[in-house]
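This report describes the sheets of a protein model and the surroundings of its ligand. The sequence and structure are shown first.

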Amino acid sequence: MSDSEEELTIVSNRLPVVLNRCGTDWQVDPGTGGLVQAMNPILTENGGCWVGWPGVTKEEGTGWKPGLEQVSADSGYELEHVVLTQEQLEGFYEGYANSVVWPLFHGFPDRCEFRPQFYRAYGEVNDRFAEVIAARMGRGGFVWIHDYHLFEAARRLRQKGFRGRTAFFLHIPFPSVENFSKLPWREELLSDLLHYDLVGFQTRRDLHHFETCVEGLGLATAEKREQGLRRFDLGARVVEAGAFPIGIDYEDFARRARSETVTQRVEELRGDLGDCQVVLGVDRLDYSKGLLHRLRAYEQTLERHPELCEEVVLFQLVVPSRENVAEYQALKEEFDREVGRINGRFSTAGWQPIHYRYNRVGPQELSAMYRMASVGLVTPLRDGMNLVSKEYCASQVDEDGVLVLSEFAGAAEQLERGAIVVNPYDISQTAQALYRAITMPGDERRQRMRRIRQVVAESDVYHWAESFLTRARLREETVQRVVGSEVDKFAMPERRGL
Ligand code: GDG
């Protein structure tokens with residue numbers, strides 16, 4: 001088997017499956033979404049494996065195993081599960097990943113709960129993942145690890161004797177040195193990332209932040225390479241880091257948006273909304289998505305331009321997320337209250353300014369929403385990339401929608417030339433941008449939309465996977481492999497004490 005055909009192991013916190021309990025049985029369906037779509041052809045063609053947590057805890061039994069095996073057989077590659085207990089899940093997932101890393105990396109340090117027991121649980125679970133990977137791969141091969149749940153996987157794998165190649169991609173932003181430095185385990189986290197051969201970020205800004213943190217904390221010095229890559233020389237080992245902005249399956253979104261079913265559904269939805277111009281928001285319920293700021297900006301637009309009343313609606317889809325975390329429940333309550341207040345303030349006999357749905361919808365319904373909307377309002381306070389902004393553009397097959405995009409979404413680096421870019425903290429500026437989008441003449445809309453659709457099409461998810469994998473594989477020729485004690489170059493005294 002040549003290098004380019006080498007078997008690939010993908011690792012992510014969740015396996016790409018959806019498990020639903022039906023009485024005492026389990027229904028297991030294949031997952032959807034960009035990452036799965038991008039990996040499917042590569043894994044099925046060359047053979048491979050996906051390692052992850054199936055989504056249920058050890059306490060819930062193993063009745064899902066036959067279903068998982070079936071999905072694995074149908075998809076043509078193996079699904080290797082990592083079983084976690086409820087306690088591990090709480091400390092690792094709800095604790096360290098979502099109450100430390102997520103808020104810190106999205107610029108909300110005050111929301112962090114820096115509890116040592118969370119960090120310990122995170123280490124334990126990363127070790128469990130490493131065990132499962134090592135058991136499957138032995139000492140060699142190529143493993144691509146995804147996201148902030150698994151920073152420690154490469155170090156722990158190497159401790160178990162693994163000598164193959166490891167690559168990592170961070171889907172969320174990397175914080176500035178000011179924010180990053182607040183982390184009690186900051187050196188450990190950086191040194192964990194420096195155990196990978198290739199580390200990928202969403203944007204040049206994230207890469208720059210990483211580089212500044214590594215240099216600022218004195219761990220290594222970055223050397224600039226071709227294509228914006230950075231190279232950290234650690235003696236016997238070299239680590240590369242780069243920006244690889246993730247994309248979507250553009251063709252799939254465009255095709256679906258044009259389909260008969262979706263075209264019909266667009267007409268129905270438009271009819272239901274009284275033929276108003278639709279401003280669309282689609283977000284997981286999360287404080288990083290700037291939902292409350294967005295409502296205030298919309299309210300201000302209506303306040304300043306009363307002529308828009310009965311002409312425009314904000315259609316907001318909020319997708320439930322992390323429902324058992326108290327903070328997310330509180331955010332939902334506040335959001336519900338604000339929607340009620342604004343609707344109470346502006347509604348007339350036949351018109352309501354905000355249509356709000358709190359559920360998950362199917363891909364066709366989502367496509368219809370994207371296509372019917374005259375404005376895509378994507379205003380996260382911070383976002384690694386934000387796929388919704390790209391999906392909206394791909395679905396704008398009539399090319400007459402306008403994208404209003406937060407400068408703090410990773411996507412802004414690529415889409416700034418066609419979108420109206422806003423600072424979502426600046427309510428007044430966002431309101432003005434929204435007004436501009438609603439009233440933008442047709443020619444300008446088409447010109448801008450065409451420009452961004454081209455970027456989204458060129459840098460789709462296949463391009464992303466291909467460029468990342470090509471870089472990871474190229475490294476084999478240029479880099480000496482890590483040997484023996486070099487692994488522990490960054491062993492932290494504190495870590496040993498934990
Ligand atoms: C993380 C990073 C980065 C949403 N509602 C429905 C639905 N969705 C799909 C969208 C989109 C995805 O969920 C959301 O992706 P985002 O990128 O917007 O945000 P995160 O979930 O926070 O993702 C982010 C991403 O990873 C990838 O690297 O861009 O910055 O935070 O694909 O379509 N899909 C369906 N029904 C819904 O109701 N079917």
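The model discussed here is predicted.

**The ligand and its shell**

In this model, 19 residues surround the ligand, and the closest are His 171, Val 361, Asp 383, Leu 387 and Glu 391. Sorted by class, the shell consists of 10 nonpolar, four polar and five charged residues.

| Residue | Part of the residue with the N or O atom | Distance to a ligand oxygen atom |
|---|---|---|
| Gln 202 | side chain | 3.0 Å |
| Met 385 | backbone | 2.8 Å |
| Asn 386 | backbone | 2.9 Å |

On its own the ligand has 730 Å² of accessible area, of which the protein covers 83%. Strand S13 (312-319), helix H13 (363-372) and helix H14 (387-395) are the elements that give two or more residues to the shell. Helix H14 provides the largest share, with three residues.

**The nine-stranded sheet**

An open sheet of nine strands has the order S5-S4-S1-S6-S7-S8-S11-S10-S9, with mixed pairing. Strand S5 (78-81) and strand S9 (222-224) form its edges; each has a single partner strand, so one side of each is left without a neighbour in the sheet. On average, and with direction ignored, neighbouring strands of this sheet are turned by 20° against each other.

Strand S6 (residues 142-146) and strand S7 (residues 165-169) run parallel and are joined by five bridges. Within this pair, Phe 142 has Arg 165 of S7 as its bridge partner.

Antiparallel pairing is found between S9 and strand S10 (residues 230-233), which are joined by three bridges. Here Ala 222 stands opposite Phe 232 of S10. The two strands form a hairpin with five residues between them, in which Gln 227 takes a positive phi near 55°.

Strand S10 also pairs in the antiparallel sense with strand S11 (residues 238-243), over four bridges. Arg 231 has Glu 240 of S11 as its bridge partner. This second hairpin places four residues between S10 and S11, and Gly 235 in the turn has a positive phi of about 95°.

**The six-stranded sheet**

Another open sheet contains six strands in the order S14-S13-S12-S15-S16-S17, and its pairing is parallel. Which strands stand at the edges of this sheet? They are strand S14 (354-358) and strand S17 (420-422), each with a single partner strand, so one side of each is left without a neighbour in the sheet. Neighbouring strands of this sheet are turned by 20° against each other on average, direction again ignored.

One of the pairs in this sheet joins strand S15 (residues 375-378) to strand S16 (residues 402-406) in the parallel sense over four bridges. In this pair, Leu 377 stands opposite Val 404 of S16.

How values were computed: Residues numbered from 1 in each chain as written. Predicted model: local features only at pLDDT ≥ 70, side-chain atom pairs only at ≥ 80, totals over all residues. Heavy atoms only, no water. Pairing = 2+ DSSP bridges. Axes fitted to C-alpha atoms, helices over the stretch in contact; angles between N-to-C directions. Near = heavy atom within 4 Å. Polar contact = N/O pair within 3.5 Å; in protein donor to acceptor, adjacent residues only side chain to side chain. Areas by Shrake-Rupley, 256 points an atom, 1.4 Å probe, with all protein chains shown as cover. Nonpolar A, V, L, I, M, F, W, Y, C, P; charged D, E, K, R; others polar.
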